[in-house]
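Here are my notes for your first look at this structure. Please keep the model open and find each element as you read.

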Amino acid sequence: MFGLRVLRAAVFTAGAIGGLSGAAYGLLTEQSKRARKIIGVPGAPLRADGVYLPEGVGPLDPADPRITGDPLVFAVLGDSSAAGVGCDTDEELPGVLLARGLAEESERPVRLLTHAISGATSRELAGQTDAALRTPPDVALVIIGGNDVTARLSPGACALLLGAAVRRLTETGTAVVVGTCPDLGAIRPIAQPLRSLVRSWSLTLARAQRRAVLLAGGQPVALADLLSPEFLTRPAELFSKDMFHPSAAGYAAATQVLLPELCAAAGVWDGGPLPTQPTRSAAAEARRPTAKLVAKLNQRLKQVPPATSHSAAVTGQ
């Protein structure tokens, strides 16, 4: 999803905007090469499309006689995070986990159709949307963004492309949930200071995506805010062997966040009120100028010893 191109892109942008010295530019370039060597080249994603029954059976061919009633059609669009790169078996794929969850919650068959492509950017969403609308879904999940950073695409332009895809789906009656760009700064093979640049870029894109999705009638889910703390504290468990894509446990954590929103969007949620989703990443919030100023003031105040009242000093109390 990401690889050497995004690392080079981050270096290029930092040099162009930040006026890096030759030594700093060389450092970031070397960091990108080292990270790419560690990450390696991901394999082709698995596929397990078909119909899943509420009792856990599946995937079945749509013509299977065991399927009773019209299945709820569930489409998955986006990049390698949506496709499930990093999983070792079909059962671990996020689309499969979510299809099984939708079937259990709705008590009806769910047909999974995966249109996500590893390496896709927001520019490819129009084609994926065309494919999805050939069998109009009842509910769709979109996860996109990492490769937009790879290609040095404008966050605003990418958000507009995402919004256009969401609008096309919602206008046909599809309920759409979008997992906004994850916090790519959680990826350990990317060393500092390059990791900070990548984090800033991905969070900027996530904010633009959220606005566009809401305007298009979709429901955004802030993956950066909801998942980064887990991935930062449990990287060995939640990242796959390539140390870049999520592992089976990482995808399971993501589906726990996404499934209630998908069920609610599809009108089958029966688990009570959903928690209010964050609208801004905590990491992004911490970098706001006002937040930085308040943090500095608080730090200074902690360093100043409390004043002793004049009366107490005089009386010895």
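Predicted model: local features only at pLDDT ≥ 70, side-chain atom pairs only at ≥ 80, totals over all residues.

1. As background, strands of a sheet pair through backbone hydrogen bonds, either parallel or antiparallel.

2. In which sense do strand E4 and strand E5 pair, parallel or antiparallel? Strand E4 (residues 139–143) and strand E5 (residues 175–179) pair in the parallel sense. Five bridges join E4 and E5. At one of these places, Ile143 has Gly179 in E5 as its bridge partner.

3. Two packed helices are described by the angle between their axes and the distance between the axes. The axes of H4 (residues 94–106) and H11 (residues 248–266) come within 9 Å and cross at roughly 40°. H4 is therefore oblique to H11. The crossing of H4 and H11 is right-handed.

4. Which residues meet where H4 touches H11? From H4 come Pro94, Leu97, Leu98, Gly101, Leu102 and Glu105. From H11 come Tyr251, Ala252, Thr255, Leu258, Leu259, Leu262 and Cys263. By class, this contact of H4 with H11 has 10 nonpolar residues, two polar and one charged.

5. Next, find H5 again. Helix H5 (residues 125–133) packs with helix H7 (residues 155–171) at an angle of about 10°. Their axes are 9 Å apart. H5 and H7 are therefore roughly parallel to each other. Leu125, Ala126, Thr129, Asp130 and Leu133 in H5 meet Leu162, Ala165, Arg168 and Leu169 in H7. The contact of H5 with H7 holds six nonpolar residues, one polar and two charged.

6. Zoom in on Arg100. Where does Arg100 sit? Arg100 belongs to helix H4. A polar atom of the Arg100 side chain lies 2.5 Å from the backbone oxygen of Gly56. Beyond its neighbours within four places in sequence, Arg100 is in contact with Tyr52, Gly56, Val57, Gly58 and Glu91.

7. Finish with two backbone details. Most residues other than glycine have a negative phi, and most peptide bonds are trans. The peptide bond from Gly58 to Pro59 is cis, with omega near 10°. Pro59 lies in the loop between E1 and E2. Glu107 is in the loop between H4 and E3. Its phi is near 60°, a positive value in a residue other than glycine. Please check both places in the model.

Key: Residues numbered from 1 in each chain as written. Heavy atoms only, no water. Axes fitted to C-alpha atoms, helices over the stretch in contact; angles between N-to-C directions. Helix = DSSP H or I, 4+ residues; strand = E, 2+ residues; numbered from the N terminus. Parallel < 35°, antiparallel > 145°, perpendicular 65-115°, else oblique. Left-handed = near helix turned anticlockwise from the far one by under 90°. Contact = heavy atoms within 4.5 Å. Nonpolar A, V, L, I, M, F, W, Y, C, P; charged D, E, K, R; others polar. Pairing = 2+ DSSP bridges. Polar contact = N/O pair within 3.5 Å; in protein donor to acceptor, adjacent residues only side chain to side chain.
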